[in-house]
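How can the packing of helices in a protein be described in plain terms?

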Amino acid sequence: MQLKRTKDGATAETRIAELAGLVKLLRRCLTQMSTRTRSFIETCVKFEKEARQQVESLELARDSAAANHKRELAAAQRDAAQVAAQHKSAAASWHTDLDTYKSELSCLKRELERMESERDRAREEARQAVASRVELESMAQGVKRETGQQLRELQVDHGAAMRQLAAMQEASERAQVKLQAEVAAAQEAKQAAVVRASAVEEQMASVQQRLDQALEALEATRSKEQDLVVHHKQLSSDYSAQLARCEAAEAESAALRRDCGAAQELSAALAAECDARSAALEAATQRLQEARAAQASSSQAWDSERASLQGARDAALEREAHLAAEKAQLKSGLGTALEQKALVESQLAATLSEQHTLRSQVEAAEAQGKQGQEQAQQAMAELAEVRVQAQAEAAAHEALMHDASQKAARLARLEGEMEALQDAIGTGSVDQAEMLGRLIRRVANLEAAIAESSSQRRELHNQLVELRGNIRVFCRVKPHPASALALSADGASVRLFAEGKDQGFTFDRVFGPQSTQAQVFQEVSELVQSALDGFKVCLFSYGQTGAGKTHTMQGSKGPDAQGIIPRAILKILDEVERLKEQGWEYELEASYIEVYNETFKDLLADGKGRDAGKITDQNAVKHAVAGGHTQVAGATTVRITTTDAAAALVRKAAQARACEATAMNAVSSRSHSVFMLNITGRHAASATTLRGALNLVDLAGSERLNRSQAEGQRAKEACSINKSLSSLGDVFAALASKSAHVPYRNSKLTHLLQPCLGGSGKTLMFVNVNPEAASLQETLCSLRFAAKVNSCETAARGGAKRHVDKASVDGPSSTTATAQVMFFPLRCHFMSLFSLQ
Ligand SMILES: Nc1ncnc2c1ncn2[C@@H]1O[C@H](COP(=O)(O)OP(=O)(O)OP(=O)(O)O)[C@@H](O)[C@H]1O
């Protein structure tokens, strides 16, 4: 302006002089400027020194605060855990007690019911037992009575039978004696009768003889009589004849009388004759009379004889009759005696049979008596048994009653306790409710404290991670029998002899050949946790082909051989499950991208072939503003909810990955693969949303072109790989040199990973090295590259940022705020520097 303003009439000399003046002025200005700059630089240096001191003091304060925080957090966690445990244990014990009481009560109730039913049953049984006992007793008494009666009867019967038997025996004996006597008498009588009978028979014989004689005499008499009769008849006939003759004579006498007159004369003559005749008649009459007298006398004699004979006969008959009667009597006596004997015999037999019967009866009675006795004994035994049983039952009943009363008392006591408890619960419901409310409040406070402590833990954890550095480098050495590398004992450095000198490299962690996948993941798990806490996290595996990059990232089959990707997914899913309890809801969206020849390829796309899943859009990478998620347009996004789904996704991607044979590694990955997991966590209670991302990158081999002898397509791949790796190196270099411009867009890979690589992300790089002597140069290159990355400090640009959205008016999360406050002075200082520039 001064130079432009040319004064009128100014000459060259004046203008030179003027310019000289201006130059002087400028020199003065410059001098002043340099003085001021110097002083400013000095001030800056001073200020920086102060700032450093301040930072140091702040760091100290922060450390102490962090330590305090940690201590407080630990104490709070302990307190919270203690209180939670106390609460839990108190609630659990209270619930357990209550449950125990309830179960005990229900148990006791059940037991009581059972016992009551048992008691009722026992009562019923006891009643039945008593009734049966009474019945049995009555039965026993009846039996006893009956038995006694029977016994008595039997005894009486027995006695009577015995008496009867004795009497009968006596009677039978008597009867026997009598019978014997009678028999003897009968025999005697029989003998006598026989004698008498013989005598009678003799008599009878004699009588018979006499009778016969008499009969004979009678016969004779009869014959005589007949003779007499005949004689008489003769006489009678004679008499009649004589009478006839008399009559005739009388007729003749009359005739004679007449003739007597005539015959008187003649009578006289005839008188004379009559006389003669009368005299003859008289004589005949006389004779007749005499005959008659003789007859009369003979008849008298005969009559007497007859009478005597009749009498004799009658006597004999009488005697015979008497004898017959006697005989009959004797016979009847004999028959009677025989009958009596038979009777007696039958009586005897009957008596004997009766005796036998009686004996058998007696025996039966005795047997019955014995049986009765046995029965009685049995009944007595039964009775005793029944008594014992009844006593036992009574005792059992008593015991049951006692038990029941005890249990009833226990139940009553428990019911009382229960009532008391219920009263306590009822009356203390207010206290209980208060207590419960207090407990709930305490639990809520504790949960809040836990949430707070959890967020503090996150903050502290991230501070810790930040303190360790937002770009960290781990070295992993592949196992090899002839290792050209020497690992230090501290596990943080590695040494190798190359280019004529011993060279050492220090990293955040060095994993030896023996280190396992689990140990490796253990070290990176905090970064995975950071992704869940809302950070953009990126993990690389870098190294020459065959150095173990895929092994580290992907691993192989089997739980022990699994690499970081499957383990990270597992951890995240576990954490998501665990955080659900704290009210966090997480959403996991995964993509698997391949960067091949500077072109994106969707590894989850369906279809086969070279161009399958190829993303032609050059602006496919979309970084959302305000900490949102990065998306690759056209790439498949899969929502992960289970480990199986994640495993299937990883498998699919691994199959789709472009693997081509090279001279160095038969399955060498000629592309970079990026497993992108966008994590969104929402906490409804605190209206918080976290947006984290986990990018797990398996880089292509970093070997030099000539070594892999790649040609054509392989050479193009190698160029592309080298380009993207060198771009990655450039980004790290820019970050390391705190360059204003970081060339993220120089490669697709760095562009994709920009949010993680930048100051607000967290990066971990694995440098995988093959310790074989042949790979020494490549190993040296890899280690040098890793060492450069390790020297980067992205925290100087504001540190890692947690991407938290809060619906409340609190503004950004405390973590972010802390991180910003912590680095504010430095940033201001550099900002002012940049403004001056
Ligand atoms: N730490 C290790 N322990 C055991 N085996 C290993 C280890 N590292 C690598 N390997 C084995 O070495 C071989 C090559 O490893 P890997 O495929 O992981 O190499 P890479 O670096 O991914 O190679 P490229 O870049 O060509 O894909 C594999 O068989 C793998 O199992």
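This is a predicted model: local features need pLDDT of at least 70, side-chain atom pairs count only at pLDDT 80 or more; totals for chains, interfaces and linings use all residues.

## Helix 5 against helix 6

The crossing of helix 5 and helix 6 is right-handed. Two packed helices are described by the angle between their axes and by the distance between those axes. For helix 5, which covers residues 564-580, and helix 6, which covers residues 643-656, the angle is about 155 degrees and the axes lie 10 Å apart. Because angles over 145 degrees count as roughly antiparallel, helix 5 is described as roughly antiparallel to helix 6.

On the side of helix 5, the residues that meet helix 6 are Ile565, Pro566, Ile569, Leu570 and Leu573, while helix 6 contributes Thr643, Ala646, Ala647 and Val650.

## Helix 3 against helix 5

Helix 5 also packs with helix 3, which spans residues 517-532, and here the angle is about 50 degrees, with the axes 10 Å apart. That angle makes helix 3 oblique to helix 5, and the crossing of these two helices is right-handed.

In this contact, helix 3 supplies Phe521, Val524, Ser525, Val528 and Leu532, and helix 5 supplies Ile564, Arg567, Ala568, Lys571, Ile572 and Glu575. The residues of the contact of helix 3 with helix 5 divide into seven nonpolar, one polar and three charged.

## The nonpolar core

Which residues have the most contacts inside the largest nonpolar core? They are Cys475, Leu539 and Ala786, and the core as a whole has 84 residues. The element that gives the most to this core is strand 7, made of residues 584-596, with eight residues.

## The protein as a whole

Stepping back to the whole protein, there are eleven helices and 16 strands. Of the 837 residues of the protein, 31% count as buried. When contacts between residues at least 6 apart in sequence are considered, 73% of them join residues that are at least 24 apart.

How values were computed
Residues are numbered from 1 along each chain as its sequence is written. Helices (H or I, at least four residues) and strands (E, at least two) are DSSP runs, numbered from the N terminus. A residue is buried if 20 or more other C-beta atoms lie within 10 Å of its own, exposed if 12 or fewer, and partly exposed in between; C-beta atoms are placed from the backbone. Two residues are in contact if their C-beta atoms, placed from the backbone, lie within 7 Å. Axes are lines fitted to C-alpha atoms, for helices over the stretch in contact, and angles run from 0 to 180 degrees between N-to-C directions. Angles under 35 degrees count as roughly parallel, over 145 as roughly antiparallel, 65 to 115 as roughly perpendicular and the rest as oblique. A crossing is left-handed if the near helix is turned anticlockwise from the far one by less than a right angle, and right-handed if clockwise. A nonpolar core is a set of buried Ala, Val, Leu, Ile, Met, Phe, Trp, Tyr and Cys residues joined through C-beta atoms within 7 Å. Ala, Val, Leu, Ile, Met, Phe, Trp, Tyr, Cys and Pro count as nonpolar, Asp, Glu, Lys and Arg as charged, and the others, Gly among them, as polar.
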